[in-house]
Amino acid sequence: MASPNPHDIVAVPLRHPGRWVLAAVILLVLVGVCTSLWNNPNIDHATISKYMFNDRIVQGAVLTVVLTVITMVLSTLLGIVLALMRLSANPVLAGVGWLYVWIFRGTPLLVQIVFWGYLGLLYKQLSLGVPFTDFTVFTVDTNALIPAFVAGVIALTTNQAAYTAEIVRAGMLSVDPGQKEACYSLGMTPLYTLFKVELPQAMRVIIPPMGNETISMLKDTALLSLIAVAELYTVAARISAQNLHQVELLIVVSVWYLALTSVLSVPQYYLERHYGRGSRALGPTPIGRVAALFNRARHS
């Protein structure tokens, strides 16, 4: 091995003592807040332990996840259709897509949930037939066709689809239009070009905001307590109304929401890495960093 040249520059890593001081201060404040809350004499820890994994709470958490999955799948499909409508050269389709986004993005989600939940007050029965005539194929009671769960799914799906449409549209616009022209010149069909060329590239822009929307949707399900859907927050509110331990049940609900959002963040992270390949240098994953840290500690 060649001996080191005495004139070589020895690189010394730059120290950042300010970062460690700032981290220590933040950690100290966080521990102080948590300790203050935990030692608060007005908090009944036995109630928190009792209801943390109570069957009713767990069932509410499961229904919250089910609602999130159903609404995100349906709203994503509807959002893609709306985005394609808005990008269409057909002025009618583009106008309808714009009108949908304008209405559902421009009105509060709370109002939409109440509207769908109390649709039976507006229409006692829903009928399918020929407009402006007495001919009907069938008539059904509105509350029987749209119970609270279905009303909640419709409200969350239609509202989220408006936001998803804009996210997908932004992703599609980020793809160079010359690629579409190149695909057409090679004889590819518009549908093949959309799914094999445009959407895979647009996903790099679409995935990060869609991950945030999924996490927001998980928490927005709590608004369905207004129409008595038995999701996590509704169940906790019903229990606290009986035992008058509102703060303790709010802590239980908060812990569940934090756990669920943490779980949802994992696939979002790996999806971002997957679709970010080729556009930027990808560093090691958190697991890879921990493994590298252990390896350095073992060989030092």
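Which residue's side chain meets that of Arg105 in a salt bridge? The partner is Glu166, at 3.9 Å from N to O, where a salt bridge denotes a side-chain nitrogen of Lys or Arg within 4 Å of a carboxyl oxygen of Asp or Glu. The model is predicted, so local features require pLDDT of at least 70 and side-chain atom pairs pLDDT 80 or more, while totals for chains, interfaces and linings use all residues. Residues are numbered from 1 along each chain as its sequence is written, and side-chain values use heavy atoms, with hydrogens and water left out.

- Through shared partners, Arg86, Arg105, Glu166 and Arg169 form one network.
- Glu166 is buried, at 15% relative accessible area, whereas Arg105 is partly exposed at 41% (buried is under 20%, exposed over 50%, partly exposed in between, with a 1.4 Å probe and protein chains only).

- The largest pocket holds about 460 Å³ of space; a pocket is an open set of points on a 1 Å grid over the protein atoms alone, where a 1.4 Å probe fits, with protein on both sides within 12 Å along at least five of seven lines, and lining residues have an atom within 4 Å of a point.
- Its lining has 19 residues, and Thr76, Met203, Ile207, Met210 and Leu271 are the closest to its centre.
- H10 gives the largest share of that lining, 10 residues.
- The second largest pocket, with about 320 Å³ of space, is lined by 13 residues, among them Lys180 and Glu198.

**Record annotations**

- An unreviewed UniProt entry lists residues 61-268 as "domain: ABC transmembrane type-1"; such annotations may be inferred rather than shown by experiment.
- That span is 77% helix and 5% strand in the model.
- The UniProt annotation "transmembrane region" includes residues 247-271, a stretch that is 100% helix with end C-alpha atoms 36 Å apart.

How values were computed: Helix = DSSP H or I, 4+ residues; strand = E, 2+ residues; numbered from the N terminus. Points joined across faces, edges and corners; volume = space filled by probe spheres on them.
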